[in-house]
Amino acid sequence: MPAPVAWTLDHLTADEVAVPAMRRTIVGLYAEVYAEPPYLRGPDDTRLWDDEVLPRHLANPGFALVFARHGGTPMGFALGTALQPDTRWWSGMVDPLPARMTREDGAQTFAVYEFVVRKPYRRTGLGRAMHRALVGPWTGPRTTLTLRPSAPAAVAFWAAQGYRAVGFSRPDPAGPLYTMMLRDHEPPR
Ligand SMILES: CC(C)(COP(=O)(O)OP(=O)(O)OC[C@H]1O[C@@H](n2cnc3c(N)ncnc32)[C@H](O)[C@@H]1OP(=O)(O)O)[C@@H](O)C(=O)NCCC(=O)NCCS
């Protein structure tokens with residue numbers, strides 16, 4: 001088990017993430033961690049995320065990002081957004097869920113979209129702390145995410161954070177299959 005390294009968790013606003021140096025750091029973490037199996041994302045995937053996906057997240061009024069660092073050394077980040085009424089989050093379900101489960105209004109469900117801890121800092125509790133920091137302020141009743149069933153660390157990690165599988169999703173018909181995970185959330189008092 002790796003020796004724990006002290007961490008600082010920063011909650012960043014969309015404007016703070018958009019500052020070029022910070023954005024380069026976040027995109028660098030994305031590229032480094034998602035290059036690993038089973039993701040195997042390459043420079044084209046990273047460019048697409050930076051150019052098209054990240055701007056959509058930054059424009060979401062329910063955007064949240066937790067940046068983990070040891071002094072000036074980045075350790076990881078977690079990004080999520082509130083699901084808005086026009087979300088396509090549930091549209092890739094292999095077996096569609098009942099409409100009452102997939103109706104979103106911006107206040108019901110917080111979706112964790114990206115979650116990366118750099119290799120040397122894993123199994124030290126950092127992921128658990130990042131998740132708590134990311135969803136802690138959420139005032140709605142549930143949080144959700146998708147995971148790759150072929151990523152054993154992610155499967156074990158999200159089960160340990162209290163998520164349960166509610167089916168499978170294939171958002172891109174040519175892309176991989178994901179397990180759709182849901183968790184009841186205790187809003188802050
Ligand atoms: C999944 C990931 C975020 C976990 O982060 P982490 O900082 O190592 O997680 P933690 O140390 O907080 O682990 C918390 C608990 O999750 C479980 N867990 C985490 N990694 C595990 C692994 N490799 N095998 C088994 N259980 C694991 C354990 O129950 C662990 O508690 P314990 O160490 O006291 O036994 C990290 O492995 C990672 O970034 N992987 C690559 C990117 C990725 O898959 N992201 C998720 C996308 S859905």
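Author: Buried here means under 20% relative accessible area, exposed over 50% and partly exposed in between, with a 1.4 Å probe and protein chains only. This is a predicted model in which local features need pLDDT of at least 70 and side-chain atom pairs count only at pLDDT 80 or more, while totals for chains, interfaces and linings use all residues. Residues are numbered from 1 along each chain as its sequence is written, and side-chain values use heavy atoms, without hydrogens and water.

Reader: What percentage of the protein chain's residues count as buried?

Author: The C-alpha trace spans about 45 × 40 × 35 Å along its principal axes. Of the 189 residues in the protein chain, the buried share is 44%.

Reader: How many helices and strands does the protein chain have?

Author: Counting DSSP runs from the N terminus (helices H or I, at least four residues; strands E, at least two), the chain reads β-α-α-α-β-β-α-β-α-β-α-β-β. The totals are therefore six helices and seven strands.

Reader: Which tyrosine is in contact with Val112, leaving aside neighbours within four places in sequence?

Author: Contact means heavy atoms within 4.5 Å. By that criterion, the partners of Val112 include Leu79, Trp89, Leu134, Trp158 and Tyr163.
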